Amino acid sequence: LGSAYGVRPRFLAAASTEESIPPEGRPEVAVIGRSNVGKSSLLNVLTGTAGLSRVSDKPGRTTQLTWFEVGRRSSADSFR
């Protein structure tokens, strides 16, 4: 399937303003760091998916926050 998690990561939402942030409800992990340090590359390597997060050669290009679903819980996990 092209991913270390058994299922390809799926784009959920993008927000460029506070009002467009999706509602809470899923566990979230934030990747934060200085400009041009490899945050996008790290996400691509961790998910085993080339191109999940776009890599730019120009620092400071981020204009929005982006949410992805990475892996899926099995029905057995829902009962924990």
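Biologist: Where in the chain is N44 found?

Modeller: Look for helix α1, which covers residues 39–47; N44 is found there. Keep in mind as we go that this is a predicted model.

Biologist: Is N44 buried or exposed?

Modeller: The idea is to look at the relative accessible area and ask whether it falls under 20%. N44 has a value of 12%, so N44 is buried. You can then look at the residues around it. Leaving aside neighbours within four places in sequence, N44 is in contact with T49, G51, L52, S53 and V55.

Biologist: How would I read L42, and where is it found?

Modeller: L42 is found in helix α1 too. With a relative accessible area of 40%, L42 is partly exposed. L42 also belongs to a nonpolar patch on the surface, together with V29, V31 and L46. The accessible area of these four residues together is about 370 Å².

Biologist: Let me step back to the whole chain. Which pattern does the chain follow along the sequence?

Modeller: Read the elements in order and you get β-α-β. That is one helix and two strands.

Biologist: What share of the residues is buried?

Modeller: Of the 80 residues in the chain, 15% are buried. The accessible surface of the chain comes to about 6,800 Å², and carbon and sulfur atoms account for 52% of that surface.

Biologist: Now the charged side chains. How many salt bridges does the structure hold?

Modeller: The structure holds two salt bridges. In one of them, the side chains of E69 and R10 meet at 3.3 Å, N to O. E69 lies in strand β2 (residues 65–69) and R10 in strand β1 (residues 10–15), so this pair ties together parts that are 59 residues apart in sequence.

Biologist: Are those two partners buried or exposed?

Modeller: Take them one by one. E69 counts as buried, at 15% relative accessibility. R10 is partly exposed, with a relative accessible area of 38%.

Biologist: Which side chains meet in a salt bridge at 3.0 Å?

Modeller: Those of R26 and E69, again from N to O. R26 lies in the loop between β1 and α1, while E69 lies in strand β2, so the pair ties together parts that are 43 residues apart in sequence. R26 counts as exposed, at 51% relative accessibility. Now put the salt bridges together: through shared partners, R10, R26 and E69 are joined into one network.

Biologist: How do I describe a pair of aromatic rings?

Modeller: You give the distance of the centres and the angle of the planes. In this structure the count comes to one aromatic pair. F11 and F68 form it, with 6.1 Å centre to centre and 75° between the planes, and the arrangement is edge-to-face. F11 is in strand β1 and F68 in strand β2, 57 residues apart, and the pair links these distant parts of the chain.

Biologist: How accessible are F11 and F68?

Modeller: F11 is partly exposed, with a relative accessible area of 49%. F68 counts as partly exposed as well, at 25% relative accessibility.

Biologist: Which residues does T66 touch?

Modeller: T66 is found in strand β2. Not counting residues up to four places away in sequence, T66 touches F11, A13 and A14. At 36% relative accessibility, T66 counts as partly exposed.

Biologist: Finally, what should I keep in mind about confidence in a predicted model?

Modeller: Where pLDDT is low, the predicted coordinates should not be read in detail. For this chain the average pLDDT is 77, and 76% of the residues score at least 70.

Biologist: In which elements is confidence lowest and highest?

Modeller: Confidence is lowest in α1, at a mean of 84, and highest in β1, at 88.

Key:
Residues numbered from 1 in each chain as written. Heavy atoms only, no water. Helix = DSSP H or I, 4+ residues; strand = E, 2+ residues; numbered from the N terminus. Buried < 20%, exposed > 50% of the residue type's maximum accessible area, 1.4 Å probe, protein only. Areas by Shrake-Rupley, 256 points an atom, 1.4 Å probe, with all protein chains shown as cover. Contact = heavy atoms within 4.5 Å. Patch = residues over 30% accessible without salt bridge, like charges linked within 9 Å, V, L, I, M, F, W, Y side chains within 5 Å. Phe/Tyr/Trp six-rings, centres within 6.5 Å; stacked < 30°, edge-to-face > 60°. pLDDT = per-residue confidence, 0-100.
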